[in-house]
Amino acid sequence: MDPNPTAPAIEVKHLACGYDESVVLQDVSFTVKPRELLFIIGGSGCGKSTLLRCLIGLLQPIRGDVAYFGQSFTGADSAQRREILKTFGVLYQNNALWSSMTLAENVSLPLEIHTSLSRADREEIVTLKLTEVGLAGSEDLYPSELSGGMKKRAALARALALDPAIVFFDEPSEGLDPITSREMDRLILQVRDVLGTTMVIVSHQLSSIFRLADRVLMFDRTAKGIIAEGKPDELAAHSEDSRVRDFLKRDDGPAPQPNPAEGGSKTHSS
Amino acid sequence: MTTSHPSPVEGSRSKAASAKLEDAPAGGDCVVKVGGDWQLNAAMPSWNSLVAQHAPGNVRVVPDSLGKWDSSLLLFLVHGRKWCLQSKHALNAEALPENLQTLLRQIAEADTSQQKTKPAAKTLAERVQAWTINLGKKVREKVRENVSFLGDCTLGFVRIMRRPHKFRWLDVFVEMQQCWVSSLPIVALVSFLVGVILAFQAAIQLQQYGAAVFVADLVGLSVVREMGPMMAAMIMAGGIGAAFAAQLGNMKVGSEIDALETLGVSTVDFLVLPRLLATTVMMPIMALYANVLGILGGMFVSATMLSIPATAYWVETQNRVGLLDVGSGLIKSFVFGLGIGLAGCLRGMNCEPSATGVGKATTSAVVTGILLIVITDAVFALIFNVLGI
């Protein structure tokens with residue numbers, strides 16, 4: 001299959017996924033445009049993480065397809081799959097930094113595996129990546145020597161090592177204090193603006209959702225799929241679904257700023 | 001930015017990255033024109049090759065049909081910046097896309113702050129001195145950890161003696177069960193084979209003098225005094241000691257030990273003492289079991305290869321192996337059990353909270369356990385020799 005540069009960054013078609021006999025998501029379809037910052041939100045058990053596992057290839061879908069830049073990921077052979085895997089980076093909830101390696105080695109490993117750069121050039125790129133995330137000079141530290149916020153930054157540097165077109169984040173603010181969480185949000189925006197990366201963020205942190213999201217997709221456990229999509233402030237103000245309003249208007253985040261003049265949101269029937 | 005970070009799947013449509021150097025006009029900067037698509041996994045121009053024949057000077061980098069780019073272009077520019085800085089010249093990248101300039105500024109700022117905080121290079125003598133001081137600190141810290149752990153365990157035993165009803169005896173039985181069940185088959189196999197090997201070795205020598213029946217004496221004494229307790233202890237060190245270190249290490253990684261401490265629960269009483277008691281109690285039982293299997297191994301060889309009836313072998317063993325011999329082996333195995341439990345728990349409790357830390361703790365528990373077994377055995381050999389046992 002030829003790649004299509006004009007295709008959406010991510011296209012999910014009629015995706016169903018789950019574990020063994022239990023179907024967590026059924027018939028989920030959506031697209032993500034290049035450079036878009038999309039949030040996947042919803043209560044616990046709604047299938048956010050399951051969807052993420054399907055998108056990054058850790059879980060085989062029951063039905064449906066995931067395509068990156070027009071190229072099917074689900075139906076790809078191993079060579080195509082290897083190429084597509086270089087298209088995206090992932091920042092895991094628990095960071096998943098390799099504890100026996102220094103930060104430099106953590107960031108360098110993807111470059112070592114996927115490029116033919118010399119050792120000196122890899123070291124230079126590692127320095128560039130750590131500088132981009134504000135960890136210049138921390139090359140020789142081990143993950144156990146870092147604070148929670150620094151670990152997130154280091155994990156982001158590793159996710160960006162191959163200059164991926166897309167970065168997936170699983171709960172990037174989990175376990176961070178509000179100030180560090182805001183710094184992480186600022187870093188995510190900076191990376192998107194400077195590098196033009198498409199971002200897909202799984203989170204239920206309201207402050208981050210309202211601060212960053214171009215668009216949100218809300219999932220629900222009983223609906224087993226998307227119940228709403230649109231801009232977060234518009235959904236909070238105008239969604240017909242009380243589950244969406246309740247989720248986005250709960251007390252632990254800043255008050256949303258609805259702007260009735262703007263359109264663009266819609267509510268799915270569940 | 002519309003040109004950066006292509007998907008690798010778009011690579012087939014890209015133009016090769018290019019960089020051209022144009023000589024400076026009189027009094028002006030030389031110009032480097034960068035064009036095409038710059039990608040990490042494709043061939044890219046090298047700054048050093050580009051300027052190899054060129055005298056250092058101010059450089060202006062300008063785009064020339066610049067397509068998609070990634071860190072490879074940034075790397076090229078960083079090399080350019082270093083080349084310029086070395087000759088105290090400037091690299092002007094103002095004509096490049098704004099986001100690329102932002103990244104270059106970040107790198108320049110990081111360089112400046114790192115240079116400010118960079119410590120002066122140390123001489124060899126200073127490095128050796130620092131290494132020695134560091135080693136001394138580590139040794140002191142290790143000794144403190146070990147002594148403190150032994151002290152905590154001793155105090156824990158005192159607490160059990162004073163208030164036995166407060167202790168979780170059920171945990172001890174669970175750990176005993178784990179020791180017993182997991183080690184039983186392998187101890188049986190190894191001990192039986194040790195008996196077989198000893199009998200074969202003894203038979204070769206003793207048959208020459210027509211004294212084959214004394215195989216029973218040799219096997220019986222060797223097994224009950226040394227080989228039975230020793231082999232059982234080695235297996236327990238490899239299996240149970242390592243398991244203790246891995247369990248406690250994983251609990252440390254998962255902050256479970258911290259959770260116990262913040263609840264005010266003594267981690268030594270809750271986690272260490274049940275394991276120590278279990279290995280200390282189970283080790284003599286395992287040694288006794290190993291003794292029986294070892295003697296049976298010798299009996300098997302004697303009956304099948306040396307034509308010595310099993311009853312004759314048994315009578316000879318009974319005549320030669322006394323309770324004192326069996327007791328000396330069991331006393332040793334009691335201390336072996338304590339050592340194995342201590343090694344496993346000590347390494348587990350002092351484990352670094354990482355996957356590598358758990359691995360190191362497990363290996364260290366086995367090595368320490370075996371070392372303790374051998375040292376204890378040597379000390380007991382000396383004591384028994386002095387006492388004439």
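This is a predicted model: local features need pLDDT of at least 70, side-chain atom pairs count only at pLDDT 80 or more; totals for chains, interfaces and linings use all residues.
B:Gly241 sits in helix 6 of chain B. Leaving aside residues up to four places away in sequence, B:Gly241 touches B:Met236, B:Ile340, B:Ala343, B:Gly344, B:Ala365, B:Val366 and B:Gly369.

**Helix 6 and the rest of chain B**

Helix 6 of chain B covers residues 215–253. The helix has a kink of about 60 degrees, and the kink is centred on B:Val223. Just after helix 6, B:Ser255 adopts a positive phi of about 60 degrees. Most residues other than glycine have a negative phi.

Chain B holds eleven helices and four strands. Of its 389 residues, 38% are buried. Take the contacts in chain B with a separation of 6 or more: 83% of them join residues 24 or more positions apart.

Helix 11 of chain B runs over residues 355–387. Its 33 residues reach 48 Å from the first C-alpha to the last, close to the 48 Å expected at 1.5 Å a residue. B:Gly388 follows helix 11 of chain B and has a positive phi, near 75 degrees.

Two further buried positions in chain B deserve a look. B:Leu271 belongs to helix 8 of chain B, residues 267–305. It has 22 other C-beta atoms within 10 Å and is therefore buried. B:Gln247 is 24 residues away from B:Leu271 along the chain, and their C-alpha atoms are separated by 10.0 Å.

B:Pro45 is in a loop of chain B, between strand 2 (30–36) and helix 1 (47–50). Why does B:Pro45 count as buried? It has 20 C-beta neighbours inside 10 Å, and 20 or more is the cut-off for a buried residue. B:Pro45 and B:Ala16 are 29 residues apart in sequence, yet 9.5 Å apart C-alpha to C-alpha. Beyond four places in sequence, B:Pro45 touches B:Ala17, B:Ser18, B:Ala19, B:Leu50 and B:Phe76.

| Pair | Apart in sequence | C-alpha to C-alpha |
|---|---|---|
| B:Pro45 and B:Ala16 | 29 residues | 9.5 Å |
| B:Leu271 and B:Gln247 | 24 residues | 10.0 Å |

**Chain A**

Chain A has nine helices and eleven strands. Buried residues account for 47% of its 270 residues. Among contacts in chain A with a separation of 6 or more, 66% involve residues 24 or more positions apart.

Which residues of helix 3 of chain A are buried? They are A:Leu103, A:Asn106, A:Val107, A:Ser108 and A:Leu111. An α-helix has 3.6 residues a turn, so residues three or four places apart point the same way. The cover over the buried residues of helix 3 of chain A includes helix 4 and helix 5 of chain A.

Two loop residues of chain A have a positive phi without being glycine. A:Ala96 has a phi near 55 degrees. It lies in the loop between strand 6 (88–91) and helix 3 (103–114) of chain A. A:Ala96 has 16 other C-beta atoms within 10 Å, so it is partly exposed.

A:Asp163 has a positive phi of about 50 degrees. Its loop connects helix 5 (148–159) and strand 7 (166–170) of chain A. Is A:Asp163 buried or exposed? A:Asp163 counts as buried, because 25 C-beta neighbours lie inside 10 Å.

**Where the chains meet**

Two packed helices are described by the angle between their axes and the distance between the axes. Helix 4 of chain A (residues 119–132) packs against helix 2 of chain B (residues 71–86). The angle is about 100 degrees, and the axes are 10 Å apart. The two helices are therefore roughly perpendicular to each other. Helix 4 of chain A contributes A:Asp121, A:Glu124, A:Ile125 and A:Leu128 to the contact. Helix 2 of chain B contributes B:Ser71, B:Leu74, B:Leu75 and B:Val78. The residues of this contact divide into five nonpolar, one polar and two charged.

Technical notes
Residues are numbered from 1 along each chain as its sequence is written. Chains are lettered from A and ligands numbered from 1 in the order in which they are written. Axes are lines fitted to C-alpha atoms, for helices over the stretch in contact, and angles run from 0 to 180 degrees between N-to-C directions. Angles under 35 degrees count as roughly parallel, over 145 as roughly antiparallel, 65 to 115 as roughly perpendicular and the rest as oblique. Two residues are in contact if their C-beta atoms, placed from the backbone, lie within 7 Å. Ala, Val, Leu, Ile, Met, Phe, Trp, Tyr, Cys and Pro count as nonpolar, Asp, Glu, Lys and Arg as charged, and the others, Gly among them, as polar. The bend at a residue is the angle between axes fitted to the seven residues ending there and the seven starting there. A residue is buried if 20 or more other C-beta atoms lie within 10 Å of its own, exposed if 12 or fewer, and partly exposed in between; C-beta atoms are placed from the backbone. The expected span of a helix is 1.5 Å times one less than its number of residues.
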